[in-house]
Amino acid sequence: MASTKKADVDAVVIGAGFAGLGMLYRLREQLGLSVQVFETGDDVGGTWYWNRYPGARCDSESYIYCFSFSDELLQDWNWSGKYPEQPEILSYLQHVADRFDLRRNIQFETRVTAAHYLEDDNLWRVETNLGEVVHARFLISGIGCISTGNVPDIPGRDSFKGDSFHTGAWPHDGVDFAGKRVAVIGTGSSGVQSIPVIAEQAGHLTVFQRTAQYTIPARHGTVDRRFLDEEVKPNYTELLEKARRSAGGIPVDFSERLALEVSDEERNAIYEAGWREGGHRFIFGSFRDIMANLDANHTASEFIRNKIRETVKDPNLVAKLVPTDHPLGSKRALIDTNYFETYNRDNVALVDLKTDPIECITETGIRTASGEFDVDIIVFATGFDAMTGSFFKMDIQGRDGARLKDDWSEGPKSYLGLQVHKYPNLFMITGPGSPSVLSNMPVSIEQHIEWIGDLIAHMRDEELDVVEAQAGAQAEWVTHVNDVASQTLYMHANSWYLGANIPGKPRVFMPYAGGVGAYRAHCEAIVDDGYRGFTLGRPAAQVASEHAAGG
Ligand SMILES: Cc1cc2nc3c(=O)[nH]c(=O)nc-3n(C[C@H](O)[C@H](O)[C@H](O)COP(=O)(O)OP(=O)(O)OC[C@H]3O[C@@H](n4cnc5c(N)ncnc54)[C@H](O)[C@@H]3O)c2cc1C
C-alpha cells in the first residue's frame, strides 16, 4: 500500500529531563530537524522537577553531573553544592532550557499515552492524554529510568485520613512537618536522604525499614571553588573523556590496592581515611577489589557495620540497623548526611519490617504485627518501578501488532538498551540493557543522545528511512547483559535493579553492568562495523509500492 500520511514532525521526544532536553538540542540545533517534546510535568527537570522531598540531592559530584554539549555552558555555570541539592539541579536545567530556547518545542502538562508504529507509512502515531495525535518519523524516549513511583499496595492504604506523599511526587509548596507525627516507609536512597531532615522538623518520626542499609557519610559541603576554577574548568575536556571511558561515568581512578593484600591495620587505616573523606571515594579510593571479590567486600562491609555500632547508641537499634543480608554495593550505593546519628534522637523510632511487618494502614496510622502507630503524615520513600514502569504506562505497539508490554513480559529485551526488535525508528535514551542507573547518568544520557543523533544523520546522508534492531543481535546482547550481571555482586541482593521491589515483576537484572567505558566501546565498534545488528533501509511498503508503480 502506498504511503498515505505525512509526518507532522521529524521526531517526537518524550520527557523533558536531562535526556529530553539534550535530545531536543541535538536534533534541532545540530541536525536541523523539527521536534515535538511532550512532558507530563509543567516544567523541565524530570527527576529534579518531581523529587522535591526534604534532603533531596544528587550523589554525583556537581562538576560532573551536567551537560557537556556546550563548552560555554560548562565554563559559565557555577555549582554551589558539592553534591547539588534538588533546587540547584532544577535551576540548572531551567537555565539550560532558557539559554538554548528549548521550551518552544516542549508541550508541558501532556502525557504520551500511546505510540503505534504505522508500518505502511513508516511513521509513529503518538497520542496524548489530551487526545492530540502527532505523526513522526522517529520516536525517542527520554522518559527516565526512575520516573514511575512505587506506592506499595498496602491493605487500607486509601482509608488513611491524614496526608500521605510519595517522595517522587512531592508537593511544590512543601510539607509542614512541625509538631506532626510522621511515618517514613522505606530506607533506600530517598529515605536515607529525607529521614534526617524530616526528623529535625517533625514532632515525632517513625521509620519503617525493610532493608538495613550500608551508607557512607557524604561529607557534603559547598563546592571547593579552587578545585572548580583550577582543576575542573580548565580541564573539562580531559575530565569528561575520562568519565566517558570509566566504569561508572565519573573521572576517577580506582585504587590499585587489593584489600586482602594489606595488613588489618593498614586496611583499617585506609578505610578510616576514606570514611573521613566521605562519599563514593570510600569505595573507589580504598581498594580495587571491594566490588569484585566477596572476601574483599566483606572487609569493607564489616568496617561500615562497626561504624554503625559506634554511632548508634541504643543496642536494640544497632541490631536492626546493621545490614547482614547483602554485601556492600550489591544495592544502589548510598551516601548520607547524619543518617545513623538520627537514630540517637529522642523523637525518632524504628520499626524493622522483617520482624514486625506492616499488616495494614488504618484511618489513623500504620498497624504492624506488634501494634498500632498513629501518625498524621505518611511519607512513602518506597522508590520506583524502575526502568520499565514508565514504558508500561504507555501503549507502545510496533510492527505486526507487537506490544512492548507483551514482548517485555519476562523482562526487558533490547539491543544495547537503544532499540527493540520490531519497533523501527524507536530509540530509548538509557533504556534497559545499557549502563543507565549504574552510571553517573548525564554521561550515559549524552552518549545515547550523540549515538542516536549520529545514526539519524547517517540515515539522512544515505537516504535511509528506517532502522530496526535485528532479532539475533538483540538476543546476543540480552545474553551478554545477563552474563555480565551474573559475575557481579549485584546478584547477591534483592534490589530494584532486579525488579525485586515490585510484586510480580520478573527478576531480571535490567541495566548493563559491564561499565560505561566498555559499553561505549561496544557501541562504537558496532558503528564501525556499519551498524552491525541493525537493519537500515527504506520501508518495505514504500519499496513495494514503487515497484508496483514501475518506479
Ligand atoms: C532521588 C533521586 C536521586 C538521584 N540521584 C542521582 C545521582 O546521584 N546521580 C545520577 O547519575 N543519577 C541520579 N538519579 C537518576 C536521575 O533520574 C538521572 O540522573 C537523570 O535525572 C535522568 O534524566 P532523564 O531525563 O533520563 O529522566 P527523568 O529526569 O526521570 O525525566 C523523565 C521525564 O519524562 C517524563 N515522562 C515520563 N513518561 C512520560 C510520558 N508518557 N509522557 C510525557 N512525559 C513523560 C517525566 O515526567 C519526567 O519529567 C537520581 C534519581 C532520583 C529519583
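A polar contact here is a pair of N or O atoms within 3.5 Å; within protein, one must be able to donate a hydrogen and the other to accept it, and residues adjacent in sequence count only if both atoms are side-chain atoms. The model is predicted: local features need pLDDT of at least 70, side-chain atom pairs count only at pLDDT 80 or more, and totals for chains, interfaces and linings use all residues. Residues are numbered from 1 along each chain as its sequence is written, and side-chain values use heavy atoms, with hydrogens and water left out.

**Stop 1**

Select the ligand, then Phe 18. A backbone N or O atom of Phe 18 sits 3.0 Å from a ligand oxygen. Now pick Ser 60. One of its polar side-chain atoms lies 2.9 Å from a nitrogen atom of the ligand. How much of the ligand does the protein bury? The ligand alone exposes 980 Å², and the protein buries 95% of that (Shrake-Rupley method, 1.4 Å probe).

Colour by element. Helices (H or I, at least four residues) and strands (E, at least two) are DSSP runs, numbered from the N terminus.

**Stop 1: helix H8**

Select residues 264–277. This is helix H8, with 14 residues. From first C-alpha to last, H8 reaches 20 Å, close to the 20 Å expected at 1.5 Å a residue. That expected span is 1.5 Å times one less than the number of residues.

Show side chains along H8. Arg 267, Ile 270, Tyr 271, Gly 274 and Trp 275 are buried (under 20% relative accessible area; exposed is over 50%, partly exposed in between; 1.4 Å probe, protein chains only). These five lie on the same side of H8 because they cover an arc of only 140 degrees around the axis. The arc is taken from the directions from the helix axis to the C-beta atoms. An α-helix has 3.6 residues a turn, so residues three or four places apart point the same way. Turn to the face away from the buried side: Glu 265 and Arg 276 are exposed there.

**Stop 2: two positive phi angles**

Most residues other than glycine have a negative phi. Select Leu 416, in the loop between helix H14 (404–407) and strand E18 (426–428). Leu 416 is not a glycine, yet its phi is positive, about 65 degrees. Is Leu 416 buried or exposed? Leu 416 is buried, at a relative accessible area of 0%.

Move to Ser 436, in the loop between E18 and H15. Its phi is about 35 degrees, again positive in a residue that is not a glycine. Ser 436 is buried, at 0% relative accessibility. Its side chain reaches the backbone oxygen of Ser 434 at 3.0 Å.

**Stop 3: Asp 400**

Select Asp 400, in the loop between strand E17 (395–397) and H14. Asp 400 is exposed, at 60% relative accessibility. Its side chain makes a polar contact with the side chain of Arg 399 at 2.9 Å. Finish with Leu 118: 282 residues from Asp 400 in sequence, but 9.4 Å away in space, C-alpha to C-alpha.
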